[in-house]
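Please keep the sequence and the three-dimensional view at hand while reading.

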Amino acid sequence: MTQPNILIIMVDQLNGTLFPDGPADWLHAPNIKALAARSTRFRNAYTASPLCAPGRAAFMSGQLPSQTGVYDNAAEFTSSIPTYAHHLRRAGYQTCLSGKMHFVGPDQMHGFEERLTTDIYPADFGWTPDYRKPGERIDWWYHNMGSVTGAGVAEITNQMEYDDEVAYNAVRKIYDYSRGADPRPWCLTASFTHPHDPYVARKKYWDLYEDCDHLMPQVAPIPYAEQDKHSQRLFDANDWRSFDLTDEMVQRSRRAYFANISYLDDKVGEMIAALTASRQEAVIVFVSDHGDMLGERGLWFKMSFFDGSSRVPMMIAAPSMTPGLVVTPVSNIDVTPTLCDLAGVSMDEVMPWTSGESLVPLGQGGTRDTPVAMEYAAEGSQTPMVSLRYGPWKYNRCMADPDQLFDMNADPFELTNLAGDPAHAATLTSLRAKSEARWDLSAYDAAVRISQARRWVVYEALRNGNYYPWDYQPLQKASERYMRNHMDLNILEDSKRFPRGE
């Protein structure tokens, strides 16, 4: 089997409900739409956890947070957990990361042979939640509604600077692969931070949505007292009482978010253009780590099992998979076994504890009947929450809250909790049994509390005295770039040129 090159394009906080069958028609995203047209598109794809670090560690390993121990945005991703980068590299691939993966801990590679940028977020334990102090806000790192009240236009931001660098390095690396200095197949992951808030966009993209009909949420804000218990905790964690949101702020936030999808579309176009110009072929995977509520029900950002937060876009363009729409619920933890399947790499040694399944059979017309599992144990929670998406149903369970059961076909906005409806008692009983067979919530809660307590001790100790951060420092081998006196000029110029002799 020929091992294909692989380009993984990961974005951050992109709401999957905007991708009913590729990007919604009204989004200005021609490059992503062209990619969608040749991809297997997964309409009901979900994150393993609606938060950056847990969702990304799960995506890379094919394991849920309860298996990886990456419960929140400050939990260490341990070096002994194999990722797709390890599996592919072991099988002979070059593996490279340009951009964000929110690795926490001293290992900032996790199987990548090369990393082209630093991360946008800190790698230490400073963002650790504390279940011992329920309801306490940590203002210097928790979200608040300032991203909404401050939405608008800017030509440069912290996030734009980062993603400009990610795209530049990814394009440069694609061209470098074409030179053929290394005969191994390659896997390049380009991981962006947009359209993650703050909701600020460049004017050229902002202007595309001046007459957009989708600037207000479809579900109006629900009064605090009528929200479910977890949504109330999220309102509190986001410090909603300190802000007075207007319709104009909401519209500007959503407009900037849509504009940043178009910004990303240009980055996708640059990478695909580099592939085309350098005459290389690659499997292309497009996916997000989680979504964004975007004001639906009055909620913003992620951290919720509602579809706006937990559902993600996922598309795979591969010769062995048929372009078209798959409606079966799947998870982004399925990406790792899918990549290995496409590359002919066995995961047998780790499959006993890997939760993901290859998506290749679904992309070839097959079926599957496995529930999609989600977990959340980070800020805004007081004890772990778990969810199963199975057929048309979504079932949420938490020791602190009443059960939730939604019929996603009849009630896509999840407005009617059927858990107390006698007509659905059999469905509730069946899904509760599946959930209880998978999770011991008391044991999960105990593991999270142990992890949090240990990290608070370590973090406070390491910040006392000299502090050496784990943030990745990109390696620049200046003496191996461009022209140096230990290089033969004749060989150098020819080897750095593609195509040669034209």
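## Strand 4 and its partners

The model discussed here is predicted. Strand 4 runs parallel to strand 5, and two bridges join them. One of the residues involved is C96, whose bridge partner in strand 5 is E114. Strand 4 is also joined to strand 7 (residues 186–195), again in the parallel sense, by six bridges. Here S98 stands opposite A190 of strand 7.

Is strand 4 (residues 94–99) enclosed or open to the outside? Six of its six residues are buried, so the rest of the structure largely encloses this strand. A residue is called buried when its relative accessible area is under 20%.

Strands of a sheet pair through backbone hydrogen bonds, and the pairing may be parallel or antiparallel.

An antiparallel pair within the sheet is formed by strand 2 (residues 40–42) and strand 11 (residues 314–317), which share two bridges. In this pair, T40 stands opposite I316 of strand 11.

## A hairpin of strands 16 and 17

Strand 16 and strand 17 form a hairpin, with two residues between them. Strand 16 (residues 393–398) pairs with strand 17 in the antiparallel sense, and the pairing extends over five bridges. Within it, Y395 has L405 of strand 17 as its bridge partner.

Strand 17 (residues 401–407) is largely enclosed by the rest of the structure, because six of its seven residues are buried. C398 also counts as buried, as its relative accessibility is 8%.

In soluble globular proteins, nonpolar side chains tend to be buried together. The largest nonpolar core of this protein has 68 residues, and the members that touch the most others are Y199, F258, M271 and F286. Helix 9 (residues 247–277) supplies the largest share of this core, namely 13 residues. Apart from this core lies another, of 43 residues, which includes A53, M101, I316 and M321.

What does F286 touch, when residues up to four places away in sequence are not counted? The contacts of F286 are I9, V11, L14, F19, I32, L35, V268, P313, M314 and M315.

Helix 11 (residues 335–343) is mostly covered, with eight of its nine residues buried. The buried residues of helix 11 are V335, T336, P337, T338, L339, C340, L342 and A343. Their cover includes strand 1 (6–12), helix 2 (52–61), helix 4 (84–90), strand 9 (283–288), strand 11 and strand 13 (330–331). Just after helix 11 comes G344, which takes a positive phi of about 70°.

Q63 lies in the loop between helix 2 and helix 3 (65–68). It is counted as buried because its relative accessibility is 4%. When neighbours within four places in sequence are left aside, Q63 is in contact with A58, T68, I81, I333, W353, T354 and S355.

## Cysteines

How many disulfides are found in a search of the whole structure? The search finds zero. A disulfide is a covalent bond between the sulfur atoms of two cysteines. One of the cysteines, C212, is buried, with a relative accessible area of 16%.

## The protein as a whole

The secondary structure consists of 14 helices and 17 strands. Of the 502 residues in the protein, 59% are buried. Among contacts with a separation of 6 or more, 74% join residues 24 or more positions apart.

The radius of gyration is 22 Å, which agrees with the value near 23 Å that a compact globule of 502 residues would have. Along the principal axes, the C-alpha atoms fill a box of roughly 80 × 50 × 50 Å. The protein exposes about 20,500 Å², and carbon and sulfur atoms supply 51% of this area.

Definitions and conventions. Residues numbered from 1 in each chain as written. Heavy atoms only, no water. Core = buried A, V, L, I, M, F, W, Y, C linked by side-chain atoms within 4.5 Å. Buried < 20%, exposed > 50% of the residue type's maximum accessible area, 1.4 Å probe, protein only. Helix = DSSP H or I, 4+ residues; strand = E, 2+ residues; numbered from the N terminus. Contact = heavy atoms within 4.5 Å. Disulfide = S-S within 2.5 Å. Pairing = 2+ DSSP bridges. Rg over C-alpha atoms; globule rule 2.2 N^0.38 Å. Areas by Shrake-Rupley, 256 points an atom, 1.4 Å probe, with all protein chains shown as cover.
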